[in-house]
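Have the structure open and follow along.

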Amino acid sequence: MTSETMAHVPPHVPASRVVDFDVYNPPGIEDGFHQAWMRLHGEGMPDLVWTPRNGGHWIATRGPLIRQFLNEPESFSARVMIVPKEAGLEHKLVPMNMDPPEHGPYRRVLNKGLGPRQIRNIEGDVRDVAIELIDKFAADGKVDFCAEYANIFPIKVFLAFSGLPLSDAPLLTKFSNSMLRPEGENPEEKAASMASANAGFFEYIAPTVAERRANPGNDWISQIIHSEVNGTPVSEYETLAMISLVLLAGLDTVVNFLPFCMDYLARDPGAVAALRDDPAGIRKRADELFRRFPVVAQARLVAQDVERDGVMLKQGEMVLIPSTLHGTDAKENEDPLTLDFGRKERSHTTFGGGAHVCAGMHLANLEIIVTLQEWLKRIPEFRVAADFRLVAHSGVVAQVERLDLEWDIL
Ligand code: HEM
């Protein structure tokens with residue numbers, strides 16, 4: 001969106017709350033993705049601000065308010081959870097765009113396929129994928145971590161877990177990109193990008209649904225197809241919308257979380273040593289990684305007029321509740337940009353909170369732990385290439401372009 005198409009400030013929004021912040025292109029992003037978002041934590045910045053970008057919307061900037069909004073679906077609805085609102089209205093996934101109590105029974109269907117037990121069962125397969133990829137470049141002493149690992153590993157794991165061919169990865173990545181970082185200069189163009197990607201997911205998955213309806217397997221897709229909600233079989237539309245949601249959420253997040261993590265570790269040998277010297281302990285240290293590298297910036301639709309933080313939010317407005325501003329909130333986590341595995345207090349919503357808390361967190365957790373364990377076994381010390389700077393893009397999920405890592409061959 002260009003500055004010419006900025007929304008006008010509604011009369012109930014005090015001037016002291018207005019900031020110019022484009023969630024798809026935050027000012028200062030060239031100096032660091034999280035640092036750019038953290039400008040909203042600057043001196044004198046209120047906990048709730050309003051930006052004229054992307055149709056005009058509120059942004060909750062601090063952890064406690066973000067958590068509060070996540071937990072109040074009667075006032076902050078997930079029916080629209082992407083800005084601009086026009087684009088969010090085209091994002092129709094089940095049960096992500098439902099509120100409690102409607103959301104609960106569908107979520108229980110998802111949990112059956114993605115629960116801790118199901119994920120524990122695939123740990124060996126996940127490890128094999130990690131080892132195969134790392135072994136391809138470990139002897140080279142350098143790699144573009146995005147191209148050779150992060151862009152492949154979670155997708156390979158997830159498509160195998162879903163019984164879908166790896167050759168479908170580019171198509172699914174294209175749809176994910178359009179839904180999570182919709183293309184276009186204005187809300188209408190972003191809405192068109194979202195609608196076409198949403199439809200693309202549905203068309204892609206429809207033949208697989210038909211095939212597994214006839215020949216069910218043990219996979220999560222078959223489980224969704226053959227499940228019931230409130231005593232009634234899940235409809236064809238709901239089936240497509242649930243499977244599309246899991247594909248969307250499962251394919252893009254770890255891909256972009258991992259490079260932030262590795263870029264930091266490549267510059268902090270102390271943190272690397274702590275992880276390398278206690279591989280089993282990586283499991284309990286992972287939460288600090290999730291706190292430090294939040295990548296999701298989701299929104300909610302204001303469902304009724306409510307007062308928060310001394311201002312009125314009006315029914316029909318949008319409010320961004322970005323996890324990207326929670327783990328990095330210095331009022332919640334001292335010295336937030338430092339990775340500190342020994343923190344006494346830790347607060348974040350990197351996996352969301354409330355009813356919509358990430359359904360794939362057990363898989364995401366496993367993928368991060370396995371990556372670090374297998375990487376550090378083979379590449380115990382590493383650094384970023386000389387003069388390399390991470391280039392990241394902002395969106396519903398952040399995106400990293402490339403990450404040039406180097407290490408000495410022993
Ligand atoms: C680092 C990795 C990940 C992060 C940071 C992450 C983050 C999130 C966040 C913040 C939400 C809540 C969105 C909201 O409240 O509007 C969410 C929801 C969700 N995530 Fe994840 N996610 C990750 C990986 C995954 C994976 C691997 C899967 C699939 C296997 C997945 C599946 C889902 C689903 C299905 C939902 C919607 C749940 C619902 O609406 O009830 N996520 N995730």
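Q: What makes strand 2 and strand 10 a parallel pair?

A: Strand 2 covers residues 57-60, and two bridges join it to strand 10 in the parallel sense. Two strands count as paired from at least two bridges, so this couple qualifies. To find the place on screen, look for Ile59, which stands opposite Leu320 in strand 10. Please keep in mind that this is a predicted model.

Q: How do you know that strand 7 pairs with strand 3 and with strand 10?

A: Count the bridges again. Strand 3 (residues 76-77) and strand 7 (residues 299-302) share two bridges and are antiparallel. Strand 7 and strand 10 (residues 318-320) share three bridges, also in the antiparallel sense. Leu301 is a handy landmark: Ser77 stands opposite Leu301, and Leu301 stands opposite Met318 in strand 10.

Q: Why are strand 1 and strand 3 called edge strands of their sheet?

A: The sheet is open, with five strands in the order 1-2-10-7-3 and mixed pairing. Strand 1 (48-51) and strand 3 each have a single partner strand, so one side of each has no neighbour in the sheet. Helix 2 (residues 63-70) lies across strands 1, 2, 3, 7 and 10, and runs at about 120 degrees to strand 2.

Q: Which strands stand at the edges of the three-stranded sheet, and why?

A: This open sheet has the order 4-14-11 with antiparallel pairing. Strand 4 (142-144) and strand 11 (383-384) are at its edges, because each has a single partner strand and one side left without a neighbour in the sheet. Strand 4 is joined to strand 14 (residues 404-406) by three bridges, and Asp144 stands opposite Asp404 there.

Q: What makes up the shell around the ligand?

A: The shell holds 27 residues, and Ala249, Gly250, Gly352, Cys358 and Gly360 come nearest to the ligand. Helix 4 (103-114), helix 12 (236-265) and helix 15 (361-378) are the elements that give two or more residues each. Helix 12 gives the most, with seven residues. By residue type, the shell divides into 18 nonpolar, eight polar and one charged.

Q: Which residues touch the most other members of the largest nonpolar core?

A: They are Met242, Leu245, Cys261, Val319 and Leu320, in a core of 122 residues. Helix 12 supplies the largest share of this core, 19 residues. Leaving aside residues up to four places away in sequence, Met242 touches Val94, Tyr106, Leu110 and Ile224.

Q: Why is Gln118 called partly exposed?

A: Gln118 has 18 other C-beta atoms within 10 Å. Buried starts at 20 and exposed ends at 12, so a count in between is called partly exposed. Gln118 lies in helix 5 (residues 116-120). Gln118 and Trp220 are 102 residues apart in sequence, yet 9.3 Å apart in space, C-alpha to C-alpha.

Q: Where are cis peptide bonds found?

A: One joins Val83 and Pro84, with omega of about -5 degrees. Another joins Pro100 and Pro101, with omega of about 5 degrees. Most peptide bonds are trans. Pro84 is in the loop between strand 3 and helix 3 (85-88), while Pro101 is in the loop between helix 3 and helix 4.

Methods: Residues numbered from 1 in each chain as written. Predicted model: local features only at pLDDT ≥ 70, side-chain atom pairs only at ≥ 80, totals over all residues. Near = placed C-beta within 6 Å. Helix = DSSP H or I, 4+ residues; strand = E, 2+ residues; numbered from the N terminus. Nonpolar A, V, L, I, M, F, W, Y, C, P; charged D, E, K, R; others polar. Core = buried A, V, L, I, M, F, W, Y, C linked by C-beta atoms within 7 Å. Contact = placed C-beta atoms within 7 Å. Axes fitted to C-alpha atoms, helices over the stretch in contact; angles between N-to-C directions.
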